[in-house]
2 protein chains.
Amino acid sequence: MAIERFHGVLAPVITPFDTDLRPDAERLLNHCRWLLAQNVGLAVFGTNSEGNSLSVDEKIDLLDQLIDRGIDSTQMMPGTGCCALTDSVRLSTHAVRRGCRGVLMLPPFYYKHVSDEGLYQYYAQIIERVGSSALQIYLYHIPAVSQAPIHLSLIERLLKDYPKNIAGIKDSSGDWSNTEMLLQQGWDDFHVFAGSELFLLQNMRAGGAGCISATANINAAAINQLYRQWKTEDAKRLQQCLNKVRLLVQQYPLIPALKAIVGHYAADLSWERLRPPLVALSPIQKQTLLQQLEKNHFSMPGLAEN
Amino acid sequence: MAIERFHGVLAPVITPFDTDLRPDAERLLNHCRWLLAQNVGLAVFGTNSEGNSLSVDEKIDLLDQLIDRGIDSTQMMPGTGCCALTDSVRLSTHAVRRGCRGVLMLPPFYYKHVSDEGLYQYYAQIIERVGSSALQIYLYHIPAVSQAPIHLSLIERLLKDYPKNIAGIKDSSGDWSNTEMLLQQGWDDFHVFAGSELFLLQNMRAGGAGCISATANINAAAINQLYRQWKTEDAKRLQQCLNKVRLLVQQYPLIPALKAIVGHYAADLSWERLRPPLVALSPIQKQTLLQQLEKNHFSMPGLAEN
């Protein structure tokens, strides 16, 4: 039976660290539960999860801890694309074994100006080596960070050769015309996710599947509301409300800002820790950000009681 | 007793793969022996080693196999800088335990526009966690690839706080004015390596320590000759000979070109395999490159008998 593909809102779940900068599974578990309670899926180990600041062993351990402690793996889309083919295979195989409904797969990102042939070989090798139709790959197009864009012709070739494994894409280009172009291809059951809720309404109207957005870590309920109500008259207003929060937060370094916000609303400052090379907001940045959010009547209901 | 710092010519040793794209320790060992026989040190797991296409486990295993089979670890400067702090610590700790005389340390390279504070914390955490004065770090400045330049102020801060661990730098900016600026600081026992032999004579004349260059994989003896004879009248001519080969080879994608050349002169085509996202030269590229080298009377003495 074919696996039902993701649809809706997912968060690249931010990763808490203990005083020794080890991943804090307990706090991560709580945040995952809070997200799931508002129908937000779990794109753990994404860019905003500091996923690339974690070793493969740490990611496997966290995945196991979350699932062993009751997180529904069909709501999980872990990031499994690493620079080393063998790492990507190992992590993707584990995600499939543990029942994750999909994986979000970065292209290898160290070498620059790589060819589409090389990227094709990378994805093809992973698919062949994992060797399971349960491997559902959402390609990750984030050219400003990965520096390895996922071109149309690459997707076409992968879809032709591996239709069962290529499930969709997250478009974090920030360029709506690229997302639109992907949607216009009319590929069968290919799910296009916007990389930010700024494009959620546009994406849904054009036939997209939802969004995978950093700010779903903090504005989960509101983003999910627009996803459910995009066909209603209220949709435009809901989008405007989302934009207000997103545009405010993304004025700051995004990952430190998300951690400062969750730390504040969870009344748990340990959330503010980041692994280098990322650093926390300055006290003045943090204060200004939180004041701006208060002024917007922003809240994270249910978070502190978690 | 303080560890004597590297001086001379090192190669980021290219990594052979078997038919299954597993690292081929036997062939790597042979190539390392060939390099050492011409006084070229072993910067294994560098950019041109496809170091970032190998998992940490694969690198640890290769390091062990090389050393267990007689490679002198005091001639080794493995690349140990990974995106994840914990990976860098694990690999660097292993390199120190196995007696490597230095490590070449990339900054974390996934997140872009990171701060100098974040890079400082990354290096400082590694040094603190490895916790050994035997950890000799050569910083790796390769901004076009890592996108995380090693600024002067960062080096100064690291040297001030960790003078025993910060041993030098490889400058792969390709910008001689940057190398010169580093040399002019007059830092005590800080060894500056050019990232290409194109700058070897300039670097030696300005007080540099040598070069760590991709093309030392193929032109080892000649590069070493200039290193030994840079004070002689013949130096300029030797530099010109080196430039001829380097400029010819670097017209091609460098790593596939090096592998094609070694494969040809070792009469062993298995050297041509690369891990994706890198791909081999096209047949016409390979043929043209080899013809150009022949025309220049290029050879790799001793390689085929290895």
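# Close-up views of a predicted two-chain model

**View 1. Two copies related by a turn.** Chain A can be laid on chain B by a turn of 180° and a shift of 0.0 Å along the axis, with an RMSD of 0.0 Å. That is the relation of a two-fold axis. The model is a predicted one. In chain A, the residue that comes closest to the rotation axis is Tyr110(A), with its C-alpha at 3.9 Å. Both copies use the same surface: 100% of the contact residues of chain A recur in chain B.

**View 2. Where chain A touches chain B.** Here 32 residues of chain A are in contact with 32 residues of chain B. Three helices of chain A each supply at least two residues to this side: H3 (85-97), H4 (116-130) and H5 (143-146). H4(A) gives the most, with six residues. By residue type, the side of chain A that touches chain B divides into 19 nonpolar, eight polar and five charged.

**View 3. The sheet of chain A.** Seven strands form an open sheet in chain A, and the pairing is parallel. Their order is S2-S1-S7-S6-S5-S4-S3. Strands S2 (40-42) and S3 (103-105) of chain A are the edge strands, and each pairs on one side only. Neighbouring strands of this sheet are turned by 30° against each other on average, direction ignored.

**View 4. Strand S6 of chain A and its side chains.** Strand S6 of chain A covers residues 191-194. In a regular strand, the side chains alternate between the two faces of the sheet. His191(A) and Phe193(A) point one way from S6(A). Val192(A) and Ala194(A) point the other way. All of these residues are buried.

**View 5. The partners of S6 in chain A.** Strands of a sheet pair through backbone hydrogen bonds. Strand S5 (residues 166-171) of chain A is joined to S6(A) by four bridges, and the two run parallel. Asp171(A) has Ala194(A) in S6(A) as its bridge partner. Two bridges join S6(A) to strand S7 (residues 210-212) of chain A, again in parallel. There, Phe193(A) has Gly210(A) in S7(A) as its bridge partner.

**View 6. Two crossovers in chain A.** S5(A), helix H7 (residues 176-183) of chain A and S6(A) make a right-handed β-α-β unit. S6(A) also belongs to another right-handed β-α-β unit, with helix H8 (residues 200-205) of chain A and S7(A).

**View 7. Strand S1 and helix H9 of chain A.** Strand S1 (residues 8-11) of chain A pairs with S7(A) in the parallel sense over three bridges. Leu10(A) stands opposite Ile212(A) in S7(A). Helix H9 (residues 220-229) of chain A packs on the sheet and touches S1, S2 and S7 of chain A. The direction of H9(A) makes about 155° with that of S1(A).

**View 8. The sheet of chain B.** In chain B, seven strands form an open sheet in the order S2-S1-S7-S6-S5-S4-S3, with parallel pairing. S2 (40-42) and S3 (103-105) of chain B stand at the edges with a single partner strand each, so one side of each is left without a neighbour in the sheet. On average, neighbouring strands are turned by 30° against each other, direction ignored.

**View 9. Strands S4 and S5, and helix H9, of chain B.** Strands S4 (residues 137-141) and S5 (residues 166-171) of chain B run parallel, joined by five bridges. Leu139(B) stands opposite Ile169(B) in S5(B). Helix H9 (residues 220-229) of chain B lies across S1 (8-11), S2 and S7 (210-212) of chain B. H9(B) runs at about 155° to S1(B).

Note on methods
Residues numbered from 1 in each chain as written. Chains lettered and ligands numbered in written order. Predicted model: local features only at pLDDT ≥ 70, side-chain atom pairs only at ≥ 80, totals over all residues. Contact = placed C-beta atoms within 7 Å. Nonpolar A, V, L, I, M, F, W, Y, C, P; charged D, E, K, R; others polar. Least-squares fit on C-alpha atoms with pLDDT ≥ 70 in both. Pairing = 2+ DSSP bridges. Axes fitted to C-alpha atoms, helices over the stretch in contact; angles between N-to-C directions. Buried ≥ 20, exposed ≤ 12 C-beta atoms within 10 Å, placed from the backbone. Right-handed = clockwise from strand over helix to strand, strands pointing away.
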